[in-house]
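Colleague: Before I use this model, I would like to go through the terms applied to it. Please give the value and the cut-off each time.

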There are 2 protein chains.
Amino acid sequence: MKIKVTVQLKPAILDPQGKAVEQGLQTLGFNARHVRIGRAIEFDVEAPTPEAARAEAQKMCEALLVNPIMEKAIIEVLS
Amino acid sequence: MKIKVTVQLKPAILDPQGKAVEQGLQTLGFNARHVRIGRAIEFDVEAPTPEAARAEAQKMCEALLVNPIMEKAIIEVLS
């Protein structure tokens with residue numbers, strides 16, 4: 001099954017990359033605000049059910065993909 | 001409105017960061033395959049309708065957020 005994990009810095013943590021992009025967009029005349037840039041991690045995992053795939057992805061987040069001090073993750077089972 | 005742009009390298013382009021994470025996950029005993037790591041860009045934009053917000057985000061992708069040579073983008077209007 002295809003999994004997508006979106007990892008973003010927690011709201012309280014400054015995101016300098018997002019700030020830089022926000023300034024860039026505003027310089028170009030766009031009205032973007034509150035820009036945050038995280039990681040979009042996509043992968044395939046073998047699992048019998050979507051629930052099992054989500055549980056496996058959760059374990060991967062805890063073991064390697066996410067820094068729980070500074071980041072939060074959203075797991076989506078795409079198919 | 002809240003917009004989420006997911007930017008991934010095109011399938012034909014090697015993703016060394018994804019490969020490294022894939023090896024890391026497999027070393028830890030997970031069965032993840034085809035790991036790809038892209039950017040998850042979230043921001044707020046003022047627009048009267050979701051369609052207008054999506055069009056504005058598309059323009060931002062073309063102007064700054066995405067390298068069309070190597071990357072593809074998926075735009076989602078979250079709210």
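Colleague: How much area is buried between chain A and chain B, and what do carbon and sulfur atoms give?

Modeller: About 2,700 Å² is buried between chain A and chain B, and carbon and sulfur atoms give 58% of that area. Buried area here is the accessible area (1.4 Å probe) that two parts lose on being put together, summed over both. On the side of chain A, the three residues A:F30, A:N31 and A:D44 supply 19% of what chain A buries against chain B, more than any other three. This is a predicted model, in which local features need pLDDT of at least 70 and side-chain atom pairs pLDDT 80 or more, while totals for chains, interfaces and linings use all residues. Residues are numbered from 1 along each chain as its sequence is written, chains are lettered from A in the order in which they are written, and side-chain values use heavy atoms, without hydrogens and water.

Colleague: How many residues does the contact take from chain A and from chain B?

Modeller: The contact takes 32 residues from chain A and 32 residues from chain B, where contact means heavy atoms within 4.5 Å.

Colleague: What makes B:K4 and A:E76 a salt bridge?

Modeller: The closest N and O atoms of B:K4 and A:E76 are 3.8 Å apart. The definition asks for a side-chain nitrogen of Lys or Arg within 4 Å of a carboxyl oxygen of Asp or Glu, so the pair qualifies. A:E76 lies in strand β3 of chain A and B:K4 in strand β1 (residues 2-9) of chain B, so this pair joins two chains. Strands (E, at least two residues) and helices (H or I, at least four) are DSSP runs, numbered from the N terminus. The count between chain A and chain B is four salt bridges.

Colleague: What about the salt bridge of B:E46 with A:R33?

Modeller: The closest N and O atoms of B:E46 and A:R33 are 3.7 Å apart. This pair crosses between chains, from the loop between β2 and α2 (50-65) of chain B to strand β2 of chain A. B:E46 counts as exposed because its relative accessibility is 55%, and A:R33, at 36%, is partly exposed.

Colleague: How do you know that A:R39 and A:E71 tie together separate parts of the sequence?

Modeller: A:R39 lies in strand β2 of chain A and A:E71 in strand β3 of chain A, so their pair links parts that are 32 residues apart in sequence. The closest N and O atoms in this salt bridge are 2.9 Å apart. A:E71 is buried, at 15% relative accessibility, and A:R39 is partly exposed, at 24%.

Colleague: Why is β1(A) said to be largely enclosed?

Modeller: Seven of the eight residues of β1(A) are buried, so the rest of the structure largely encloses this strand. One residue of strand β1 of chain A is A:K4, which is buried at 6% relative accessibility.

Colleague: What makes β2(A) and strand β2 (residues 33-44) of chain B a pair?

Modeller: Two strands pair if DSSP finds at least two bridges between them, and these two have nine, so they pair, in the antiparallel sense. A:D44, for one, has B:R33 as its bridge partner in β2(B).

Definitions and conventions: Buried < 20%, exposed > 50% of the residue type's maximum accessible area, 1.4 Å probe, protein only.
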